[in-house]
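Here are my notes on the model, point by point. Please read them with the structure open.

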Amino acid sequence: MTAEGGETEDGTGADALETGRWLFAQPCEFMLGVTTLRALPDTGLPEVAFAGRSNVGKSSLVNALTGRKTLARTSNTPGRTKELNFFALGPAAGAALILVDLPGYGYARETKARVAQWTTLIIDYLRGRPELRRVFVLVDSRHGLKDSDRDVMSMLDEVAVSYQIVLTKIDKLKKNELEGRIEEIRAELKKHPASHPVIHATSSEKGTGIAELRAELASLADEAVLGYKPQSG
């Protein structure tokens, strides 16, 4: 919803919204899936990563952001994504932002060895990737923060990697329930030094909050490559 002055209720300006809309209207191409650190691509571009529990709706959110129903694979079986999947987003002349879909965590229907392998890969990537601008930690709004979310947040605090909470499936909550959930998480984030204070509340099904999240992501893109200036007024 847009408030007086061309801003949404959360303070996102009209220019930022337009830049986000424009960026996500550009091509978004799958680059590769990575299972070892040696296979990580060397793009020199800013990256943002999406992390979350295996049933949080991460693939649905990536698809909603890009407007492509099958960009990120969705499944009725949590834990299907077992690779770090890289996507290049930006104009045809060159990508401006790399999206990284991380394997879901907190799902135990695999051998301990496989879970340990994936966990080690994710942690090593998060610890040592200089291109990584921010991790978006997705949290199911119906359930709030779980211990596995807190473990990831604490690890990101430890290695000083900026992260931001994105609530999913907010269409399943009443307005007062959502407001309570946001305040609950906001209070907890004060204990986490690497956390970004703004919480994005989204619904992939209804499209709620998608424009604002696109604007946030666009603010992290390579401005020189982006080459886009919205026409104010």
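1. **A salt bridge to start with.** Which residue forms a salt bridge with E216? The partner is R134, and the closest N and O atoms are 3.0 Å apart. The two belong to distant parts of the chain: E216 sits in helix α6 (residues 210–218) and R134 in strand β7, 82 residues apart. Both E216 and R134 are buried. A salt bridge here is a side-chain nitrogen of Lys or Arg within 4 Å of a carboxyl oxygen of Asp or Glu. Buried means under 20% relative accessible area, exposed means over 50%, and partly exposed lies in between (1.4 Å probe, protein chains only).

2. **Basis.** This is a predicted model, in which local features need pLDDT of at least 70, side-chain atom pairs count only at pLDDT 80 or more, and totals for chains, interfaces and linings use all residues. Residues are numbered from 1 along each chain as its sequence is written, and side-chain values use heavy atoms, with hydrogens and water left out. Helices (H or I, at least four residues) and strands (E, at least two) are DSSP runs, numbered from the N terminus.

3. **The sheet.** Seven strands form an open sheet with mixed pairing. Their order is β3-β5-β6-β4-β7-β8-β9. Strands count as paired if DSSP finds at least two bridges between them. At the edges stand β3 (28–34) and β9 (200–201). Each has a single partner strand, so one side of each is left without a neighbour in the sheet.

4. **Strand β7 and its partners.** Strand β7 (residues 132–140) pairs with β4 (residues 47–52) in the parallel sense, over six bridges. In this pairing A51 stands opposite V137, and E47 stands opposite L132. Six bridges also join β7 to β8, and these two strands run parallel. Here V137 stands opposite I165 in β8. From β7 the chain crosses through helix α4 (residues 147–158) to β8, in a right-handed β-α-β crossover. Right-handed means that, with the strands pointing away from the viewer, the path from the first strand over the helix to the second runs clockwise. Eight of the nine residues of β7 are buried, so the strand is largely enclosed by the rest of the structure.

5. Which strands does helix α2 touch? Helix α2 (residues 58–66) packs on the sheet and touches β3, β4, β6 (97–101), β7 and β8 (163–168). Contact means heavy atoms within 4.5 Å. The direction of α2 makes about 145° with that of β4. Axes are lines fitted to C-alpha atoms, for helices over the stretch in contact, and angles run from 0 to 180 degrees between N-to-C directions. Eight of the nine residues of α2 are buried, so this helix is largely enclosed by the rest of the structure. Among them are K58, L61, N63 and T66. Helix α5 (residues 175–189) lies across β8 and β9, running at about 160° to β8.

6. **Other salt bridges.** The count comes to 14 salt bridges. Side chains of opposite charge can pair when their charged atoms come close. R21 pairs with E18, with the closest N and O atoms 2.8 Å apart. The two are three residues apart in helix α1 (residues 14–24), separated by about one helical turn. R21 is partly exposed at 42% relative accessible area, and E18 is partly exposed at 25%. E205 and K172 also meet in a salt bridge (3.8 Å, N to O). E205 lies in the loop between β9 and α6 and K172 in the loop between β8 and α5, so the pair ties together parts 33 residues apart in sequence. E205 is exposed at 58%, whereas K172 is partly exposed at 46%. Salt bridges with shared partners join E47, R129 and E131 into one network.

7. **Backbone angles to check.** A160 is not a glycine, yet its phi is positive, near 60°. A160 lies in the loop between α4 and β8 and is exposed, with a relative accessible area of 65%. K169 is another non-glycine with a positive phi, of about 60°. K169 is found in the loop between β8 and α5 and is partly exposed at 22% relative accessibility.
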